[in-house]
Structures are given as C-alpha cells and as structure tokens.
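Hi,

Here is the structure I promised to pass on. Have a look at it first, and then read on for what turned up.

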Amino acid sequence: MTQSSHRRRQSRVTHALVFISTMLLAPSVFSSAASAQLLGYASTQPNTFPTDEVMVEPDAGVVPERLRRAVVAFNTSEAPGTIVIDTGNTALYYVLGQGRAVRYGVGVGREGFTWSGVQTISRKAEWPDWHPPAEMIARQPYLPRFMAGGPGNPLGARAMYLGSSQYRIHGTNDPSTIGKFVSSGCIRLTNEDVSDLFGRVDVGTRVVVLPKNAPRMETRTTISVRPARPALTTPPSGRQAMNLTASQLN
C-alpha cells in the first residue's frame with residue numbers, strides 16, 4: 001500500500017468517527033434544548049410597545065400604607081359624592097360628608113403632565129378599550145392605535161372619562177406606580193380600588209383636581225373601608241389584548 005493510499009484511508013476513518021460521535025451527541029443536545037424551552041430558559045421577544053400604564057394582579061403590599069384605601073377625616077366644602085384629587089400628595093378622595101372621605105392612593109402625571117381644574121365624569125366603562133390620544137401617538141409613534149380591553153390593557157379594569165378631555169381615572173396593572181408621578185396626565189388606581197370607586201360614582205359626578213402645590217387636606221385615618229362592590233379581576237370572556245409596560249410610556 002502506498003503512503004498516499006494510507007493517508008486517504010486514515011482520513012476516511014477520521015471522518016467516519018466524527019460523524020458517529022455527532023450522531024451520538026445529537027439526541028442529548030436536542031433534548032437539552034427542549035428541556036430548556038420547557039423550563040422557560042428559551043429567550044423571549046422583547047415588549048414591542050412600551051407604555052405608561054398596565055395590568056397585573058394588584059398586590060396590596062406594593063402600595064404604601066398611607067395610600068391604602070381607608071375612610072379618613074377630610075375637611076372640605078365639597079358636597080358628598082364629589083371626587084377630590086390631591087395631586088401633590090398622590091391621593092384621591094371620595095367625599096362622604098360629615099368631615100369624612102374614602103381615600104385612595106393614585107398615580108398622577110409626571111413632570112410637565114400634571115394639571116388642575118374641575119371636570120365631571122362623562123362616561124364609565126368596564127374593561128375599557130384603549131385609543132391612545134393623538135398627542136401620545138405623536139410622542140410615541142410605535143404605540144398601537146387601538147387596544148381591546150382586558151389583561152395588559154393600560155386602562156385596567158375600569159375607566160371614568162373626564163368631560164371631553166383626554167384624561168381618565170382608570171385602573172392599572174402595575175400597582176408599584178401608585179403614589180408616583182408617572183402618567184401622561186391620567187389618574188390611576190389599583191384595579192381593586194378603581195372597581196370600588198367605580199361602584200360609588202355616577203355619570204355627572206363632580207371631579208376637582210387640585211394643583212400639585214396645594215396643601216394637604218387629610219387630617220387622620222379613622223376606619224378601614226370595604227369595597228362598594230366586589231372587584232372584577234378578570235375581563236369578559238373573549239376579550240384579548242397585548243401586554244404593555246406601564247412604567248415606560250413617555
């Protein structure tokens with residue numbers, strides 16, 4: 001046998017051994033990849049549409065004690081049934097009368113997006129659809145033009161629309177934003193709290209939004225308060241929506 005023939009034979013043997021080794025290792029590689037995917041190791045697509053308002057199940061432990069729902073002593077000349085929003089102290093009050101109100105913690109407009117004035121509730125909606133206003137789309141052209149109500153919708157479980165403005169009092173799927181200046185001007189509550197408030201108010205309810213620098217109106221907490229009606233934490237069947245991340249909307 002010549003030296004050239006010997007080299008060719010060795011090369012064929014080497015290639016055969018590599019092929020056999022590859023075939024023996026392949027099942028374990030594929031099995032590992034499948035296992036990783038089942039265990040959640042596989043990479044996921046990043047969120048395509050970040051926004052400033054979202055929906056996860058509320059966690060009371062996330063909301064600071066001072067902003068948890070309670071009946072408090074509240075000195076105001078506003079009539080019972082009025083909503084008063086203390087922007088600077090991130091609190092919403094539903095006036096009960098006789099010097100008392102139900103306090104709710106809220107998230108309010110971030111720097112440059114706070115506002116004040118008087119509005120009335122012009123419409124109420126459960127698991128509302130979301131149509132981002134033109135001003136928001138101009139700032140963030142990647143936002144969807146429409147989102148059906150349901151989990152992941154930035155308006156949460158309930159919405160109360162304020163007059164003909166673009167502002168709403170609504171729920172959120174990110175309770176960690178309660179007590180913060182985070183939104184584009186809307187007032188957000190946890191889904192449990194917004195469902196409670198929703199059950200107390202009617203279309204035509206007066207809403208007073210105080211300036212950010214207004215003095216604190218609450219004096220002391222009196223008693224805890226139960227919801228006016230059970231909170232709806234799941235949307236009607238058949239409703240679907242993509243998830244948006246509340247804390248990232250500009």
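Before the first finding, one definition: a charge sits over a ring if NZ of Lys or CZ of Arg is within 6 Å of the ring centre and within 35 degrees of the ring normal. With that in mind, look at Lys 124, whose charged end sits over the ring of Phe 198, 4.3 Å from the ring centre. Lys 212 does likewise with Phe 181: its charged end is over that ring, 4.4 Å from the centre. Do keep in mind that this is a predicted model.

Next, the aromatic rings. A pair of such rings is described by how far apart the centres are and by the angle between the planes. How many aromatic pairs does the structure hold? There are two. Phe 74 and Tyr 93 form a stacked pair, 4.3 Å centre to centre with 25 degrees between the planes. Phe 74 lies in strand β1 (residues 70-74) and Tyr 93 in strand β3, so the pair ties together parts that are 19 residues apart in sequence.

Trp 115 and Tyr 167 make up another stacked pair, with 4.6 Å between the centres and 10 degrees between the planes. This one links distant parts of the chain, 52 residues apart: Trp 115 is in the loop between β5 (108-109) and β6, while Tyr 167 is in the loop between β7 (158-162) and β8 (168-170). Trp 115 counts as buried because its relative accessibility is 16%, and the cut-off for buried is under 20%.

Strand β6 is worth a look too. Which strands does β6 pair with? One partner is β11 (residues 206-210): the two run antiparallel and are joined by four bridges. There you'll find Gly 117 opposite Val 209 in β11. β6 also pairs with β7, again in the antiparallel sense, over five bridges. In β7, Tyr 161 is the residue that stands opposite Arg 123.

Gln 98 has a phi near 55 degrees, which is positive although the residue is not glycine. You'll find Gln 98 in the loop between β3 (91-97) and β4 (100-105), and its relative accessible area of 79% makes it exposed. Trp 127 also has a positive phi without being a glycine, near 40 degrees. Trp 127 belongs to the loop between β6 (117-126) and α2 (134-139). Is Trp 127 buried or exposed? At 2% relative accessibility, Trp 127 is buried.

Now for the charged side chains. Searching the whole structure gives five salt bridges, and here are some of them:

- Arg 68 and Glu 65 meet in a salt bridge at 3.2 Å, N to O. Arg 68 is partly exposed at 33% relative accessibility, and Glu 65 is exposed, with a relative accessible area of 58%.
- Asp 193 forms a salt bridge with Arg 69, and their closest N and O atoms are 2.2 Å apart. Asp 193 lies in helix α3 (residues 191-200) and Arg 69 in the loop between α1 (3-38) and β1, so the pair ties together parts that are 124 residues apart in sequence. Asp 193 is buried, with a relative accessible area of 8%, and Arg 69 is buried with 17%.
- Arg 200 and Asp 196 have side chains that meet in a salt bridge at 2.8 Å, N to O. Both lie in helix α3, four residues apart, which is about one turn of the helix. Asp 196 counts as buried, at 0% relative accessibility.

Last, the cavities. What lines the largest cavity? Ten residues do, and Pro 133, Met 136, Arg 139, Gln 166 and Ser 184 are those nearest its centre. Helix α2 gives the most to that lining, with three residues.

Cheers

How values were computed. Residues are numbered from 1 along each chain as its sequence is written. This is a predicted model: local features need pLDDT of at least 70, side-chain atom pairs count only at pLDDT 80 or more; totals for chains, interfaces and linings use all residues. Side-chain values use heavy atoms; hydrogens and water are left out. Buried means under 20% relative accessible area, exposed over 50%, partly exposed in between (1.4 Å probe, protein chains only). Rings of Phe, Tyr and Trp (its six-membered ring) pair if their centres lie within 6.5 Å; planes under 30 degrees apart count as stacked, over 60 as edge-to-face and the rest as tilted. Two strands pair if DSSP finds at least two bridges between them. A salt bridge is a side-chain nitrogen of Lys or Arg within 4 Å of a carboxyl oxygen of Asp or Glu. On a 1 Å grid over the protein atoms alone, a cavity is a set of points where a 1.4 Å probe fits but cannot get out, and a pocket is an open set with protein on both sides within 12 Å along at least five of seven lines; lining residues have an atom within 4 Å of a point.
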